[in-house]
Amino acid sequence: MTGDKVRWGILGPGGIASTFAADLPLVEGAELAAVASRNLTSAQAFADRHGFARAYGSYAELAADDGVDVVYVATPHAFHLDAAMLCVEAGKAVLVEKPITLDLPTAALLIEAARSRGVFLMEAMWMRCNPAIRRIAQLVADGTIGDVSAIHADFGLQGPFEASHRLRDPALGGGALLDLGVYPIHLAHTILGVPSSARAWAHLTPERVDENTGVLLGYESGAVAALTCSINGASRNAASITGTAGRIDLPVGFFVPRSFTLTRPDRAPETFEFPFEGSGYQFEAAEVQRSLLAGEQESPIVPHATTLEVMALLDALREQIGVAY
C-alpha cells in the first residue's frame with residue numbers, strides 16, 4: 001500500500017464482481033489495479049468496462065502482481081478455497097465472497113493459512129457492513145426494543161432455474177441455503193449469536209440441492225429465529241426483529257437496507273434513513289481498507305470467529321436436509 005491508497009485486484013470477473021467493481025470508485029483511496037480470469041479476453045473486457053489498469057488470463061498472475069494489495073475473490077462457491085489460498089500464499093490480503101468456502105473444515109483451513117502468514121482475510125458478508133444493519137445492532141445492544149424474542153427473515157428468488165444453472169449445480173455449491181439463506185442466518189447471528197438449537201427442513205431438486213428451505217433456531221435466552229430461503233418462488237425478502245419493548249422492521253431487500261422502522265408501544269413509529277449511492281458493496285470494501293491501513297489481520301465487523309460459527313451452523317443444517325457437496 002502507498003499512503004492511504006489500497007490497490008484492488010478482482011479474481012473471477014462475473015456478475016457479482018461487476019457490481020462490486022462498480023461500487024469501488026465510491027471508496028476513498030481505492031485503486032482499480034488488476035483483474036484476472038481464466039480467459040484473458042474476458043479479463044480484458046472487464047478491465048476495460050470498469051477501468052482496471054491490468055488484465056490477466058490466469059489467477060496466478062494476479063496473485064504475483066506486486067501492484068495489488070488486496071484481492072476480491074468472486075468465483076462460484078466451489079472455487080473459493082483454491083483461489084483464496086493462492087492469494088493468501090502469495091501474501092495478498094483477501095476478501096472472499098460469501099460463503100467463504102463450502103464447509104467448516106475448508107473455512108478453518110483457509111483462515112489458519114491466513115493467520116499463520118499474517119495476511120488479512122475477510123468473508124464478504126456485505127450485509128454486516130451496511131450502515132443500517134450496524135445501527136440496528138447498536139439499538140438492540142442498547143436495549144431499545146428490550147429483550148429480543150423473535151427474528152423473522154426470508155430470501156427467495158422467483159425461478160424456475162434450469163438444471164444447468166449454478167444455483168442447481170451441486171458441483172458449484174448450489175442450493176438456496178448457501179446462496180440466499182446465509183443472509184437470514186447472518187442477520188440472526190448478528191443479533192442473537194450462536195443458537196443452542198437448530199432445525200431445518202427442505203425440498204430438494206433432482207440434483208439434490210435445496211430449493212425451498214425452512215430453518216428454526218432456538219436460543220438459551222428464549223428467543224427464536226424463523227428463517228426461510230428458496231430458489232423456486234419470490235418471497236417478500238424482508239425481516240423483523242421483535243423484542244419485549246418494541247420491533248424493528250427491515251424493508252424488502254433487508255440484506256442491503258437503506259432504511260428501517262422502529263415501532264414501540266405508545267409511540268409513533270420512527271423511520272431511520274440511510275441513503276447511499278451504488279449497490280452497497282462499497283461498505284465492505286471500505287471496511288477492508290480501514291482494516292488494512294490499521295494493520296489488522298481481520299475485521300471486527302466480520303471476524304474469523306463469526307465466519308466459522310456461521311459455517312458450522314450451515315454444515316449442521318445441510319446435514320439435516322441431506323445436501324452434500
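Residues are numbered from 1 along each chain as its sequence is written, and side-chain values use heavy atoms, with hydrogens and water left out. Because the model is predicted, local features need pLDDT of at least 70 and side-chain atom pairs count only at pLDDT 80 or more, while totals for chains, interfaces and linings use all residues.

Let me begin with the largest nonpolar core, which has 113 residues; such a core is a set of buried Ala, Val, Leu, Ile, Met, Phe, Trp, Tyr and Cys residues joined through side-chain atoms within 4.5 Å, and buried means under 20% relative accessible area with a 1.4 Å probe, protein chains only. The residues with the most contacts inside this core are Trp8, Ile241 and Phe254, and helix H7 (residues 176–192) gives the most to it, with 10 residues; helices here are DSSP runs of H or I, at least four residues, and strands are runs of E, at least two, numbered from the N terminus.

Turning to helix packing, the axes of H6 (residues 131–141) and H7, lines fitted to C-alpha atoms over the stretch in contact, come within 9 Å and cross at roughly 35°, on a scale from 0 to 180 degrees between N-to-C directions. Ile133, Ile136, Ala137 and Val140 in H6 meet Leu187, Thr190 and Ile191 in H7, contact meaning heavy atoms within 4.5 Å.

In helix H1 (residues 15–23), the buried residues include Ala17, Phe20 and Asp23.

Finally, why does His77 count as buried? His77 does so because its relative accessibility is 7%, and among the residues it touches are Lys98, Arg166 and Asp179.

Note on methods: Buried < 20%, exposed > 50% of the residue type's maximum accessible area, 1.4 Å probe, protein only. Lists of a residue's contacts leave out its neighbours within four places in sequence.
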